[in-house]
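The stops below go from the core to the ring pairs.

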Amino acid sequence: MSTRIAFLKGHGTENDFVIVPDPENAIDLPPAAVAALCDRRAGIGGDGLLHVVRSAAHPEAQDMAAEAEWFMDYRNGDGSIAEMCGNGVRVFARYLQRAGHVAEGDLAVATRGGVKTVHIAKDGDVTVGMGKARLPEGDVTVSVGERSWPARNVNMGNPHAVAFVDDLAHAGDLYSPPPFSPAAAYPDGVNVEFVVDRGPGHVALRVHERGSGETRSCGTGACAVAVAAARRDGADPTVTGTPTTYTVDVPGGTLVITERPDGEIEMTGPAVIVAEGEIDADWLENAVS
């Protein structure tokens, strides 16, 4: 390993990421290394890490290489692996554009949640095709302190529990994962969104992301919330043939979510690269030893 490793820092609606370009998958990033890099006091700081690898060079993405040249090997801030991160895909695409790998327009990005279609607009916003939501059957409940709410089980390639509340303060501090039941609904944990209405087609959320705690934004969470809100409001584009669009305020900004009649969901929002530099490999080795 070289003595220094290139990195960048970026965010999408303040959901922030350490970006490690590694086209040939040559850098070892065990969970402890990822957690050290994402540490906000002793490391660079981030809700997660975007490991940028060519699909053909990564064993988990080789079967997607014909569709997407680049694989987003996404890790949560605690080092655990996640299937997908919607804000992360936008920032990933912005990095590819900055590095000269892609231009404005359409591209495909491989993720553990499948190949995602991305459009980089001239105005700077990035739209991600997030796939279709799955709505598993069964009642789910989430709790904070003595309060409990029914939640909608929505899967966006990763699991979500969406609870509509009267006040976002009822979500508490969100330092710890909100308890949920039944346990069998989410055997690998869950992202929990607490949602309030702001107006017609307009909601706001707070979220506890599995493996990261409360974050300033969650792209897949915003999609899950839009789907749950549409169903609550009696709208299903796959039935009516009419797309639904929700504006979703997150603590770090605003995302626009559209569900099309074919069930595909599109998320549009900003993506910003704020810094780049080098990681000292000796520091990283010492941090994980």
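Start with the largest nonpolar core, which has 51 residues; select Met 72 and Ile 257, the members that touch the most others. A nonpolar core is a set of buried Ala, Val, Leu, Ile, Met, Phe, Trp, Tyr and Cys residues joined through side-chain atoms within 4.5 Å; buried means under 20% relative accessible area with a 1.4 Å probe, protein chains only. Next select helix H3 (residues 219-232), which gives the most to this core, nine residues. Helices are DSSP runs (H or I, at least four residues) and strands likewise (E, at least two), numbered from the N terminus. A second, separate core has 16 residues, including Val 142, Trp 149, Ala 161 and Val 190.

The model is predicted: local features need pLDDT of at least 70 and side-chain atom pairs pLDDT 80 or more, while totals for chains, interfaces and linings use all residues. Residues are numbered from 1 along each chain as its sequence is written, and side-chain values use heavy atoms, without hydrogens and water.

Now turn to the rings. The whole structure holds three aromatic pairs (ring centres of Phe, Tyr or the six-membered ring of Trp within 6.5 Å; planes under 30 degrees apart are stacked, over 60 edge-to-face, the rest tilted). Select Phe 17 and Tyr 74: their centres are 5.9 Å apart and their planes at 75°, so this pair is edge-to-face. Phe 17 is in strand S2 and Tyr 74 in strand S4, so the pair ties together parts 57 residues apart in sequence. Both residues, Phe 17 and Tyr 74, are buried.

Then select Trp 149 and Phe 194, an edge-to-face pair at 5.6 Å centre to centre and 75° between the planes.

Technical notes. Buried < 20%, exposed > 50% of the residue type's maximum accessible area, 1.4 Å probe, protein only.
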